[in-house]
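These are my notebook entries on one structure. I set down what I looked up, entry by entry.

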Amino acid sequence: MSRAPLPYSSRILELFKNPKNAGKMADATVSAEAGSPVCGDIIAIYLKIENDAVISRASFESYGCAANIATASMLTEMVKGKRIEEAWKIGWKEVAEEVGGLPAVKFHCGVLAVGALRRAVREYFRLRSPKPAWLPEQDTFEEKQALDEENLAKELSRRLNASKDRSDSK
Ligand code: FES
């Protein structure tokens with residue numbers, strides 16, 4: 001059975017083929033992951049923060065699809081040179097717009113990228129006190145979605161292992 005190609009924008013295809021800021025950052029100030037290694041959709045974001053205020057560099061590693069690579073590439077471009085607070089405010093819809101839109105089944109790929117960025121920002125402030133007033137205590141939509149996906153992948157893996165154990169014991 002052949003599958004119809006997804007309606008990716010030309011920008012997504014271009015960024016997928018030539019992503020910007022791809023790769024681990026050896027001297028990152030902070031990094032974070034989102035997604036699940038169980039299903040393969042996982043992304044890591046690395047940030048270099050200068051003067052306790054500005055993201056001077058950002059990079060990513062992605063084991064996700066073309067949409068994930070493209071949105072992560074775009075997001076790392078968007079946050080470069082921004083104050084941490086400004087970068088925090090970038091939502092997945094904004095990133096999706098910048099890549100020319102995402103097919104509905106690929107919304108989560110952009111959400112994961114932003115989820116990873118926000119986790120990196122939280123990690124940066126984890127041991128700092130006081131926390132900035134703009135940093136919400138509750139997880140944002142993108143962080144919750146990333147967590148839901150991780151929990152779902154764990155549950156699927158648990159069920160697969162359980163059914164494998166049952167068939168092995170027959
Ligand atoms: Fe999961 Fe794109 S990252 S399908």
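The entries below move from confidence to the sheet, then to the helices and the loops.

**Entry 1: the model**

I noted that this is a predicted model, in which local features need pLDDT of at least 70, side-chain atom pairs count only at pLDDT 80 or more, and totals for chains, interfaces and linings use all residues. Residues are numbered from 1 along each chain as its sequence is written. I looked up pLDDT, the predictor's confidence in each residue, from 0 to 100. The protein chain has a mean pLDDT of 92, and 96% of its residues reach 70 or more.

I took helices (H or I, at least four residues) and strands (E, at least two) as DSSP runs, numbered from the N terminus. Two strands pair if DSSP finds at least two bridges between them. In what order do the strands of the open sheet lie? I read the order as 1-2-3 for the 3 strands, with antiparallel pairing. Strand 1 and strand 3 are the edge strands, each pairing on one side only. Neighbouring strands of this sheet are turned by 15 degrees against each other on average, direction ignored. For such angles, axes are lines fitted to C-alpha atoms, for helices over the stretch in contact, and angles run from 0 to 180 degrees between N-to-C directions.

I then followed the two pairings. Strand 1 (residues 30-36) runs antiparallel to strand 2 over 7 bridges, and V30 stands opposite L47 in strand 2. Strand 2 and strand 3 (residues 54-62) are antiparallel and joined by 8 bridges. Here I found Y46 opposite S59 in strand 3 and A44 opposite E61 in strand 3.

Is strand 2 mostly covered or mostly uncovered? I found strand 2 (residues 41-50) mostly covered, with 8 of its 10 residues buried. A residue is buried if 20 or more other C-beta atoms lie within 10 Å of its own, exposed if 12 or fewer, and partly exposed in between, with C-beta atoms placed from the backbone.

**Entry 2: helix packing**

I count two residues as in contact if their C-beta atoms, placed from the backbone, lie within 7 Å. Helix 5 lies across strand 1 and strand 2, and runs at about 140 degrees to strand 1.

Helix 1 (residues 10-17) and helix 2 (residues 66-79) pack at an angle of about 85 degrees, their axes 8 Å apart. Helix 1 is therefore roughly perpendicular to helix 2, a term for angles of 65 to 115 degrees, where under 35 counts as roughly parallel, over 145 as roughly antiparallel and the rest as oblique. I listed I12, L15 and F16 in helix 1 as meeting A66, A67, I69, A70, S73 and M74 in helix 2.

**Entry 3: helix 6**

I checked the span of helix 6 (residues 141-168): at 1.5 Å a residue, its 28 residues should span 40 Å, and its end C-alpha atoms are 40 Å apart, which agrees. The expected span is 1.5 Å times one less than the number of residues. The buried residues of helix 6 are E142, E143, A146, E149 and E150. They pack against strand 1, helix 4 (92-98) and helix 5 (107-126).

D168 lies in helix 6 and is exposed, with 7 other C-beta atoms within 10 Å. The C-alpha atoms of D168 and L117 are 51 residues apart along the chain and separated by 41 Å.

**Entry 4: loops**

Where does P130 lie? I placed P130 in the loop between helix 5 and helix 6. A cis peptide bond joins S129 and P130, with omega about -5 degrees.

I looked up two positive phi values. N21, in the loop between helix 1 and strand 1, has a positive phi of about 65 degrees although it is not a glycine. N21 counts as partly exposed because it has 19 C-beta neighbours inside 10 Å. N51 has a positive phi of about 55 degrees, although it too is not a glycine. N51 belongs to the hairpin of strand 2 and strand 3, which has 3 residues between the strands. N51 is exposed, with 7 other C-beta atoms within 10 Å.
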